[in-house]
2 protein chains.
Amino acid sequence: MNAEAHDARVDAVFHALGDVTRRAILERLSRQPAAVSELAAPFAMSLAAVGQHVQILERSGLVRTEKSGRVRTCQIDPEGLSLARQWIDERKRLWEQRFDRLANFLDEDEPE
Amino acid sequence: MNAEAHDARVDAVFHALGDVTRRAILERLSRQPAAVSELAAPFAMSLAAVGQHVQILERSGLVRTEKSGRVRTCQIDPEGLSLARQWIDERKRLWEQRFDRLANFLDEDEPE
DNA sequence: CCTTTGTTGAAGTTTTCACTTCAGTATTTG
DNA sequence: CAAATACTGAAGTGAAAACTTCAACAAAGG
């Protein structure tokens, strides 16, 4: 995968995670798969709105869906979560690496 | 910390991460601390805009800043990243736990 | 078959958000 | 001290995003 495509995926994932409703949907789906109407039940918003959120989650790769009959069943796609996690871990890694370098520098410079 | 406050922090962090520019700022800061004007340099947008992004990052807990003289120096606050990571890991954990339960169920039901 | 259920597309509305400009403040530098 | 630098607050603009309603449609159930 080239860099732009990767960035576009990261962008889609973090954009999707940026919304409270979509995160609530993911929390629900992390327990077990559910139909769109089941996902919509706890919310004070229209079914159509929840359906749109599901589409965004699916396009981002955080959720996979399958339609059987008239019911669309949704489940977590762990790949999407992994992508977000990787990005975060990489930032943390670089940041901590910097501390290590700093410590080494101080050790060399002032060995008592 | 109560649940609402935790949710509010999670919300602020993921909202902050939802923007490409802010993620780029974090990428820059993961290498080393920088002043607001340094952060702004690579972008085709006003200094004020970048300053606003920094404020959002700071309120979310992803970045810590300190003003000395007229320069505000920014650095990563790893706590914010940890919070995001914890949320993601918890979803992954629950999701995988579900697979384990399913496997156990199948083992019991059809022990060959 | 008729009705209900579950979803989807399209179009319109409202809210949120990123960004701009500009004025104002504090700090440094020549 | 004057000029340049580094922000910062406020107010406004435009676009994106969330949400609504309504119409259409296919699949199930009675």
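Trainee: What does Ala84(B) touch, leaving out residues up to four places away in sequence?

Mentor: Ala84(B) touches Ile88(A), Val13(B), Phe14(B) and Leu17(B), where contact means heavy atoms within 4.5 Å. Keep in mind that this is a predicted model: local features need pLDDT of at least 70, side-chain atom pairs count only at pLDDT 80 or more, and totals for chains, interfaces and linings use all residues. Residues are numbered from 1 along each chain as its sequence is written, chains are lettered from A and ligands numbered from 1 in the order in which they are written, and side-chain values use heavy atoms, with hydrogens and water left out.

Trainee: Buried or exposed, that Ala84(B)?

Mentor: Ala84(B) counts as buried, at 0% relative accessibility. Buried means under 20% relative accessible area, exposed over 50%, and partly exposed in between, with a 1.4 Å probe and protein chains only.

Trainee: Which helix is Ala84(B) in?

Mentor: Ala84(B) is found in helix α5 of chain B. Helices (H or I, at least four residues) and strands (E, at least two) are DSSP runs, numbered from the N terminus.

Trainee: Switching to rings. How many aromatic pairs are there over all chains?

Mentor: Two. Rings of Phe, Tyr and Trp (its six-membered ring) pair if their centres lie within 6.5 Å; planes under 30 degrees apart count as stacked, over 60 as edge-to-face and the rest as tilted. Phe14(A) and Trp87(A) make an edge-to-face pair, 5.4 Å centre to centre with 70° between the planes.

Trainee: Why does the pair of Phe14(A) and Trp87(A) tie together parts that are apart in sequence?

Mentor: Because Phe14(A) lies in helix α1 (residues 3-17) of chain A and Trp87(A) in helix α5 (residues 78-109) of chain A, the pair joins parts 73 residues apart in sequence. Both Phe14(A) and Trp87(A) are buried.

Trainee: And what about Phe14(B) and Trp87(B)?

Mentor: Their ring centres are 5.3 Å apart and their planes at 70°, so that pair is edge-to-face. Phe14(B) is buried with a relative accessible area of 0%, and Trp87(B) counts as buried at 6%.

Trainee: What sits over the ring of Trp87(B)?

Mentor: The charged end of Arg91(B), 4.9 Å from the ring centre. A charge sits over a ring if NZ of Lys or CZ of Arg is within 6 Å of the ring centre and within 35 degrees of the ring normal. In chain A, Arg91(A) lies over the face of Trp87(A), 4.9 Å from the ring centre.

Trainee: Now the DNA. How many residues surround DNA strand D?

Mentor: 24, and among the closest are Ser46(A), His53(A) and Ser37(B). A residue is near a strand if one of its heavy atoms lies within 4 Å of it.

Trainee: Which element gives the largest share of that surface near DNA strand D?

Mentor: α4(A), with five residues.

Trainee: Where does Ser37(B) come in?

Mentor: An N or O atom in the side chain of Ser37(B) is 2.3 Å from a phosphate oxygen of DNA strand D. For Arg72(B), a polar side-chain atom lies 2.6 Å from a phosphate oxygen of DNA strand D.

Trainee: And how many residues surround DNA strand C?

Mentor: 23, including Ser37(A) and His53(B) among the closest. Sugar and phosphate account for 70% of the atoms of DNA strand C within 4 Å of the protein.

Note on methods:
Polar contact = N/O pair within 3.5 Å; in protein donor to acceptor, adjacent residues only side chain to side chain.
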